Amino acid sequence: MAHKIFISYKFADDNVCNINSTSSCTVRDYVNKLENELSKAHHIYKGESDDEDLSHLSEETIWNKLRDRIYDSSLTIVMISQNMKLPGVPEKNQWIPWEVSYSLKETSRKDKYGHDITGKSNALLAVVIPNVQGEYSYFIENKHCCKTGCRILYTHRLFKILGSNMFNQKEPNTHICSEGKTVYKGEHSYMVSAKWKDFLENAEKFIQTAYDLRKKIDEYEIQKEI
């Protein structure tokens with residue numbers, strides 16, 4: 001089934017593993033590849049294209065364009081990169097938190113007949129990009145303190161609205177590991193997360209999981225504000 005998908009990302013972050021034949025690479029190069037993969041699966045990409053020049057537009061005009069595209073989407077993919085956050089700049093002054101916030105709000109608009117139509121909260125999916133060393137450990141780290149093993153997500157390194165929509169199941173299934181840490185099982189996060197390499201291998205699985213959780217949104221404490 002085809003879906004309308006918006007992608008939120010830090011365009012110029014170049015602290016990423018190079019996937020190009022040239023010497024330079026940014027998160028935008030990953031988005032280009034992802035856009036191509038989505039097109040092959042007949043999904044509709046609702047973000048801006050690489051050759052779309054918005055530089056001559058005001059921030060207000062750009063935001064209005066983005067809001068229209070987010071409103072017309074049902075899944076927001078956030079590209080997690082190591083330098084996605086601008087240091088020293090309040091989160092309310094950065095694009096990604098606003099895009100995610102708007103994605104989650106049930107916004108009403110009028111149709112051509114003047115009737116109010118309220119959009120549902122988008123599904124959320126975090127795709128984690130390897131840094132320039134090819135590592136994901138700045139956000140995801142596998143641990144083996146338990147027999148079954150576990151995975152740590154360093155949510156405090158993300159924008160607050162992203163971290164708040166992970167491990168936010170109202171009635172989570174947890175247990176205490178041998179190190180005394182709480183381990184979450186099952187569908188513990190509304191925002192699904194996947195490493196870039198894993199996502200490419202089975203993108204449809206992760207996309208469908210995000211949509212399945214959207215149907216259970218009432219089971220999660222959703223953070224919609226920055």
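Start with confidence. The mean pLDDT of the protein is 87. Of its residues, 87% reach 70 or more. Confidence is highest in strand E6, at a mean of 98. It is lowest in strand E4, residues 108–110, at a mean of 64. One stretch calls for care: over residues 51–55 the pLDDT is below 50. Beyond near neighbours in sequence, that stretch has four contacts in the model. Where pLDDT is low, the predicted coordinates should not be read in detail.

Now turn to E6, which covers residues 123–128. Leu124 lies in this strand. Is Leu124 buried or exposed? Its relative accessible area is 0%, so Leu124 counts as buried, the cut-off being under 20%. What is Leu124 in contact with, once neighbours within four places in sequence are left aside? Its partners include Leu75, Thr76, Val100 and Leu104. Further along the sequence, Asn165, Tyr190, Met191, Val192 and Ala210 are also in contact with Leu124.

Two of those partners, Val100 and Leu104, bring us to helix H3. This helix spans residues 95–104. H3 is mostly covered, with eight of its 10 residues buried. Val100 and Leu104 are among the buried residues, as are Ile96, Pro97 and Glu99. Ser101, Tyr102 and Ser103 are buried too. Ser103 and Leu124 are 21 residues apart in sequence. In space, their C-alpha atoms are 8.5 Å apart.

Strand E9 holds residues 173–176, and strand E10 holds residues 182–185. The two run antiparallel and are joined by four bridges. Ile176 stands opposite Thr182 in E10. Five residues lie between the strands of this hairpin. Gly180 takes a positive phi there, near 80°.

The rings come last. A pair of aromatic rings is described by the distance of the centres and the angle of the planes. The count here comes to five aromatic pairs. One of them joins Phe199 and Phe206, with centres 6.3 Å apart and 35° between the planes. This pair is tilted. Phe199 is buried, because its relative accessible area is 1%. Phe206 also counts as buried, at 12% relative accessibility.

Charged side chains meet rings as well. Lys85 lies over the face of Phe159, at 5.9 Å from the ring centre. Arg157 lies over the face of Tyr154, at 4.3 Å from the ring centre.

Notes: Residues are numbered from 1 along each chain as its sequence is written. Side-chain values use heavy atoms; hydrogens and water are left out. Buried means under 20% relative accessible area, exposed over 50%, partly exposed in between (1.4 Å probe, protein chains only). Contact means heavy atoms within 4.5 Å. Rings of Phe, Tyr and Trp (its six-membered ring) pair if their centres lie within 6.5 Å; planes under 30 degrees apart count as stacked, over 60 as edge-to-face and the rest as tilted. A charge sits over a ring if NZ of Lys or CZ of Arg is within 6 Å of the ring centre and within 35 degrees of the ring normal. pLDDT is the predictor's confidence in each residue, from 0 to 100. Two strands pair if DSSP finds at least two bridges between them.
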